[in-house]
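Please keep the sequence and the model side by side while reading.

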Amino acid sequence: MPATPNYLVYDAANRLIEPITGHESATIKWSWTDAHTGSIVIPGQPSDALLTTVLDADIRPVLFKADTAATRPFTGRIHNAEYLDEGEGPSLELTIVGDRIWFDAMLAVAFPTGSPAEQAGHESDTRTGPLETVVKGYIADAADRLGVPMVVVPAPDPDPSPTVTLSARMITLSELIGDALAAHGYGIDVRMWRTGDPLPAAMTFEPEPGTLIVDVITPVDNRNLLWQQEQLATWSLSATARTANRAYVGGPGSGTDRTFSEWVDVDAAAAQGRFALPELYVDNNSEATDAATAARAALAAKAGGKTVRFTVVDENPWRFGLDWELGHYAYARIAGGLFRAQITEVELDEQPGKPITYTPQCGPAAPGRPEEVIEAVARLTAQLRTQQARR
């Protein structure tokens with residue numbers, strides 16, 4: 001883990017152009033549910049090699065890597081490069097996107113081993129099984145069909161992840177797997193491997209440099225990440241009422257041929273009693289998810305619950321990459337209650353004359369937990385000025 005992040009630019013042949021130095025600012029945002037993003041501003045006149053490479057991003061891919069405090073390197077590509085002068089001298093501004101962007105450009109088709117002409121007659125590719133096995137199977141099939149430089153880390157055997165049912169028909173991998181991963185608190189890691197980078201423990205061979213490694217990440221319940229109310233700089237706690245406990249689901253089909261079903265949150269209905277606001281409608285005609293999954297997701301959005309926001313300052317210096325990671329669950333005790341939420345974003349901020357900070361933000365907790373945090377949203381703003389000195 002470098003004390004100062006290293007930012008590296010590679011050409012389309014995966015050859016290192018040069019490290020980025022002399023930058024004015026840099027931001028990287030890791031996301032548990034979407035592609036990572038980032039930006040770098042380089043004032044003055046960059047080298048000819050760097051400038052000509054990134055300004056050809058519209059013609060051929062420009063690859064990017066950042067070594068930071070994170071356990072796994074950030075890898076991706078330059079999404080946008082802008083060289084400009086607004087009256088204060090030239091600067092190069094780079095917008096970066098992580099390698100999960102591949103899943104926005106890869107389809108899960110109805111008949112994965114068939115040609116486009118052979119898709120006719122196949123309604124969908126539906127699979128039921130452990131989440132990690134099912135998700136990795138769809139990704140591996142799409143990678144094989146497209147011939148992309150991608151290796152999927154083998155799922156464990158037996159696979160302890162929760163059982164899911166997914167149905168694919170001409171949708172992106174992001175659309176297919178996103179809801180299932182989020183519903184169970186799982187994440188997915190997509191990164192380009194280069195010589196010297198860490199490898200997942202389940203990988204038994206060293207891939208060719210430039211290979212994309214895909215792994216499903218199990219959520220970690222890190223009970224060390226616990227703050228008492230008196231340790232928080234700011235906090236708020238609110239309660240919002242539930243507005244539905246059953247879903248009327250419209251399934252595949254059209255007109256009078258369309259199927260309908262009903263899904264009831266039995267526990268919520270019992271707790272709410274006879275004054276409960278009863279139902280909502282869910283349009284699930286896309287075949288991307290089964291009726292139960294679509295119903296649960298819609299009802300979760302109407303579940304109300306307690307919402308928590310809290311800020312932690314640098315008197316509590318948990319260290320990114322050592323004490324906590326993206327995807328870990330964090331806890332706070334407020335008003336006598338224990339609240340738990342998952343770290344769904346981490347933002348690196350590097351500004352001139354200021355210490356580098358890593359800011360975690362928490363999102364919804366995993367469903368089915370005893371704590372009243374189904375829709376808890378927590379903000380952990382960790383200004384870790386002592387972080388670099390500890391490494």
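P5 is found in the segment before β1 (6–10), where strands (E, at least two residues) and helices (H or I, at least four residues) are DSSP runs numbered from the N terminus. The model is a predicted one, in which local features need pLDDT of at least 70 and side-chain atom pairs count only at pLDDT 80 or more, whereas totals for chains, interfaces and linings use all residues. Residues are numbered from 1 along each chain as its sequence is written, and side-chain values use heavy atoms, with hydrogens and water left out.

At 6% relative accessibility, P5 counts as buried; buried means under 20% relative accessible area, exposed over 50%, and partly exposed in between, with a 1.4 Å probe and protein chains only. Although P5 and A66 are 61 residues apart in sequence, their C-alpha atoms are 6.7 Å apart in space. Leaving aside neighbours within four places in sequence, P5 is in contact (heavy atoms within 4.5 Å) with D67, T68, L348, E350, I356 and Y358.

**The nonpolar cores**

A nonpolar core is here a set of buried Ala, Val, Leu, Ile, Met, Phe, Trp, Tyr and Cys residues joined through side-chain atoms within 4.5 Å. The largest one has 39 residues, of which Y7, W30 and F64 touch the most other members. Strand β22 (residues 337–350) supplies the largest share of this core, namely four residues. Because domain 1 (6–99) and domain 3 (222–239 + 307–389) both give residues to this core, it lies between them; the domain bounds come from an automatic or database domain assignment. Not counting residues up to four places away in sequence, Y7 touches E18, P19, I20, H23, A26, I28, I40, F64, K65, A66, L348 and E350. A second, separate core holds 32 residues, including A168, I177, L181 and L212.

**A buried histidine**

H36 lies in the loop between β3 (25–31) and β4 (37–43), and with 17% relative accessibility H36 counts as buried. A polar atom of the H36 side chain lies 2.9 Å from the backbone nitrogen of S31. Beyond the residues up to four places away in sequence, H36 touches K29, W30, S31, F74, I96, V97, G98 and L326.

An open sheet of three strands has the order β10-β14-β13, with mixed pairing; two strands pair if DSSP finds at least two bridges between them. Since β10 (150–152) and β13 (187–193) stand at the edges, each with a single partner strand, one side of each is left without a neighbour in the sheet. The twist averages 25° from one strand to the next, with axes fitted as lines to C-alpha atoms, for helices over the stretch in contact, and angles running from 0 to 180 degrees between N-to-C directions. Strand β13 is joined by seven bridges to β14 (residues 211–217), and the two run antiparallel, with M192 opposite L212 in β14. Helix α2 (residues 131–146) packs on this sheet, touching β10, β13 and β14, and its direction makes about 160° with that of β14.

In helix α3 (residues 173–183), the residues L173, S174, L176, I177, G178, A180 and L181 are buried. These buried residues pack against β8 (107–108), α2, β11, β12, β13 and β14.

**A parallel pair**

Strand β17 (residues 246–250) is joined to β19 by five bridges, and the two run parallel, with G250 opposite D283 in β19. Strand β19 (residues 279–283) has a covered face, L280 and V282, and an uncovered one, E279, Y281 and D283.

**Backbone angles**

Most residues other than glycine have a negative phi, and most peptide bonds are trans. The table collects backbone angles that can be read against this background.

| Residue or bond | Angle |
|---|---|
| D157 to P158, cis peptide bond | omega near 5° |
| M170 | phi near 55° |
| A335 | phi near 50° |

P158 lies in the loop between β10 and β11 (163–168). M170 is found in the loop between β11 and β12 (171–172) and, at 40% relative accessibility, counts as partly exposed. A335 has its place in the loop between β21 (328–334) and β22 and is exposed, with a relative accessible area of 58%.

Definitions and conventions:
A polar contact is a pair of N or O atoms within 3.5 Å; within protein, one must be able to donate a hydrogen and the other to accept it, and residues adjacent in sequence count only if both atoms are side-chain atoms.
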